[in-house]
Amino acid sequence: MSDTAIELSGVSKRYRLRRGWQVTSLKDEVGRLTARFLGRAVQPREEFWALRDVSFSLTRGEVLGLIGMNGAGKSTLLKILSRVTVPTTGSFVTNGRLGSLIEIGAGFHPDLTGRENIFLNGSIMGMTRREVQRKFDQIVAFAEVERFIDTPIKYYSSGMQMRLGFAVAAHTDPEILLIDEILAVGDASFQAKCLNKLAELKDQDKTIILVSHNLTNITEHAKTVLWIDHGTIRMFGESDAVVDAYLEHVSADMSAEDSHHEARDSSGDRPISLLDVAMADESEQPQNRFDREDTVVIDLTYSASRPIPGVVFGVSVHDLHGYDLGGVVTDPDSIKVTAPVDHAVLRLTLSPLLFNKGAYTLDVYVLDPATRRFYDLRRRALRLLVDGHRAALRESTGYVFYPHRWEQSK
Amino acid sequence: MRETIVNLFQHWDLILSFALRDIKARYKQSALGVAWALLQPLSMMIVFTLVFSLFAKVPSDGIPYPVFAYSALIFWTFFSNAISGGTGAMVSNAPLIRKIYFPRETLLIAVLLAGLLDLGVASLVFVGLLFYYKISLSLAALWVIPLLLLQTVLTFGVISLTSAIHVNFRDIGHGLPLVVQLWMFATPVAYPISVIPSWLRPFYLLNPMAPIIDGYRRALILGAAPDLPSLGMSFAITVIVAGVAVSVFKRAERTFADVI
């Protein structure tokens with residue numbers, strides 16, 4: 001048996017863009033065909049290459065991290081590997097049963113019971129009914145749904161459905177496993193279970209492709225990383241090197257891109273607006289790249305047309321996925337806007353910066369604390385990149401760094 | 001075609017799971033449950049008996065009209081329900097098709113399987129009718145097996161084509177019920193073949209369902225073999241339709257996830 005688990009050569013995928021929600025109607029299509037038949041020019045449909053000429057191979061037991069911005073082609077690549085769709089050109093081979101933790105529970109039918117759905121979903125994922133029967137008790141125990149196993153799953157909570165979906169998928173016993181941000185599913189104890197399952201699969205020499213926006217997760221689990229950018233391979237290699245290059249690129253990209261200005265106030269009454277948001281280091285030099293535990297200075301410039309009785313300024317941090325990682329807000333009793341002003345600056349100092357290595361985006365907003373109505377909101381107003389000597393230390397997992405100390409008694 | 005047959009055996013468990021899902025989901029939270037499988041051909045039979053036999057005096061080759069009609073209606077109901085269910089099978093499973101790979105024709109075979117169960121339920125009434133009219137089955141009744149097989153393959157061919165088209169053009173979902181209804185009147189369901197003028201008959205028998213439906217009636221009620229020349233024609237048409245349809249389906253299947 002060959003040692004190659006996955007091999008792609010020159011894989012490209014083209015999508016034809018369709019406008020609107022409408023599926024092409026027969027009328028359009030007949031029109032196109034007639035035009036072509038009569039030798040008239042047919043307006044070409046807009047095309048979009050989701051992947052272009054992607055080639056790489058993985059050996060058995062390798063764990064590959066897949067990174068790239070939203071829309072880079074990661075999902076298309078997973079779709080091709082899992083055979084949901086075929087490449088437009090190029091070819092690929094996979095050796096061994098392929099399992100996917102991408103669309104867990106996609107085959108569930110709401111009217112069927114948990115038991116019936118386990119069999120249904122198991123067979124959709126390629127198990128025989130006998131195999132499902134054999135693993136049935138394990139699956140039920142893993143999902144922690146023993147009491148509700150004969151209840152239609154439409155009465156399950158979404159967490160229970162998710163657990164059941166993961167449990168079935170994790171028990172398909174694949175040799176190649178595709179995972180998409182699965183570690184963000186369920187409550188803490190279930191996540192721990194998932195991580196253990198992942199470790200178990202790694203031990204069993206399974207080939208794994210892991211997609212995540214959490215770069216710490218990626219470097220933790222994957223030795224090799226593939227970075228996809230606009231459908232092509234930007235870099236493929238040792239995980240730290242690729243992740244570093246990726247962060248470098250993202251930060252350069254960030255400064256070039258304009259922030260998205262979004263006001264939620266449609267009534268036209270905007271007593272206060274954000275004019276500018278800027279990020280700098282301790283010495284007030286504009287900067288968006290910091291090491292962990294550095295000092296970050298953020299200046300919010302605003303104007304107010306009248307005194308505002310209650311106002312809250314806020315900055316929230318998001319990962320590249322858009323998940324809210326929390327943030328800081330002002331106390332309306334101490335930060336006030338008591339008079340009209342054309343140009344005022346509110347300074348936020350984050351010191352020390354307690355984020356782990358990675359790229360983040362910051363939303364900045366002003367709102368009315370009584371109604372929670374946004375006076376002004378700037379999505380992705382700032383991009384924050386955490387990288388450097390301290391950030392490279394492997395002493396903390398996840399997004400947030402906890403200042404800490406370990407002591408061992410003799 | 002060969003790939004499809006191989007898939008049929010390799011993915012038997014998946015087909016079974018889909019069929020069970022379709023059956024169970026259909027009758028959950030319904031008070032009459034599986035009795036619906038019986039009500040559809042039964043009510044049609046009653047209406048046909050009133051309209052065609054009592055009012056219009058359509059002949060029925062000497063067979064009591066209710067048995068005459070019902071013997072065709074149960075098989076026709078299987079055909080028309082499988083076509084409407086099969087045509088929409090890809091689109092109604094769109095979330096699954098967009099996300100997970102499995103041989104797509106398993107969904108079609110599951111529709112046929114679930115339809116066969118309904119046919120089984122509906123034929124219980126047929127047995128009752130045979131008793132009531134004191135008609136006894138002869139050995140010729142075994143013809144039902146190859147006839148049903150032929151009908152199933154033909155239906156599979158039709159829905160392979162229509163379901164693949166339905167993914168791209170929803171128009172077919174609107175047009176098909178009409179076609180199936182017209183098709184029924186071009187098939188000896190409500191009347192015997194003997195009423196068709198002889199000059200028209202060669203054309204009439206090009207409809208592959210005509211000799212099949214006529215065949216059931218001969219085998220079950222008259223205790224006779226089907227009309228083999230016209231059945232042979234139906235067989236040839238079925239093989240061609242199924243062959244072409246399956247290859248079209250396998251080609252189209254590759255991009256279902258992109259366009260559905």
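Reader: How much of chain B is buried?
Author: Buried residues account for 42% of the 260 residues in chain B. Keep in mind that this is a predicted model.

Reader: What secondary structure does chain B have?
Author: Chain B has 13 helices and zero strands. Read from the N terminus, its elements are α-α-α-α-α-α-α-α-α-α-α-α-α.

Reader: And what are the overall dimensions of chain B?
Author: Along the principal axes, the C-alpha atoms of chain B fill a box of roughly 55 × 45 × 35 Å. The radius of gyration of chain B is 19 Å, which agrees with a compact globule, because a globule with 260 residues would come out near 18 Å.

Reader: What share of the contacts in chain B join residues at least 24 apart?
Author: The figure is 81%, counted among contacts between residues at least 6 apart in sequence.

Reader: Now chain A. What are its domains?
Author: The domain assignment gives domain 1 as 4-23 + 30-252 and domain 2 as 266-386. The centres of domain 1 and domain 2 of chain A, taken over C-alpha atoms, are separated by 36 Å.

Reader: How many residues does each domain give to the contact between them?
Author: Domain 1 of chain A gives seven residues, and domain 2 of chain A gives eleven residues.

Reader: Which elements supply the domain 1 side?
Author: α7 (215-221) and α8 (239-256) of chain A each supply at least two residues. Of these, α8(A) gives the most, with three residues. By class, the domain 1 side has four polar, three nonpolar and no charged residues.

Reader: Is Gln285(A) buried or exposed, and why?
Author: Gln285(A) counts as exposed because it has 8 C-beta neighbours inside 10 Å, and the cut-off for exposed is 12 or fewer.

Reader: How far is Gln285(A) from Val297(A)?
Author: The two are 9.5 Å apart in space, C-alpha to C-alpha, and twelve residues apart in sequence.

Conventions. Residues numbered from 1 in each chain as written. Chains lettered and ligands numbered in written order. Predicted model: local features only at pLDDT ≥ 70, side-chain atom pairs only at ≥ 80, totals over all residues. Domains from an automatic or database assignment. Contact = placed C-beta atoms within 7 Å. Helix = DSSP H or I, 4+ residues; strand = E, 2+ residues; numbered from the N terminus. Nonpolar A, V, L, I, M, F, W, Y, C, P; charged D, E, K, R; others polar. Buried ≥ 20, exposed ≤ 12 C-beta atoms within 10 Å, placed from the backbone. Rg over C-alpha atoms; globule rule 2.2 N^0.38 Å.
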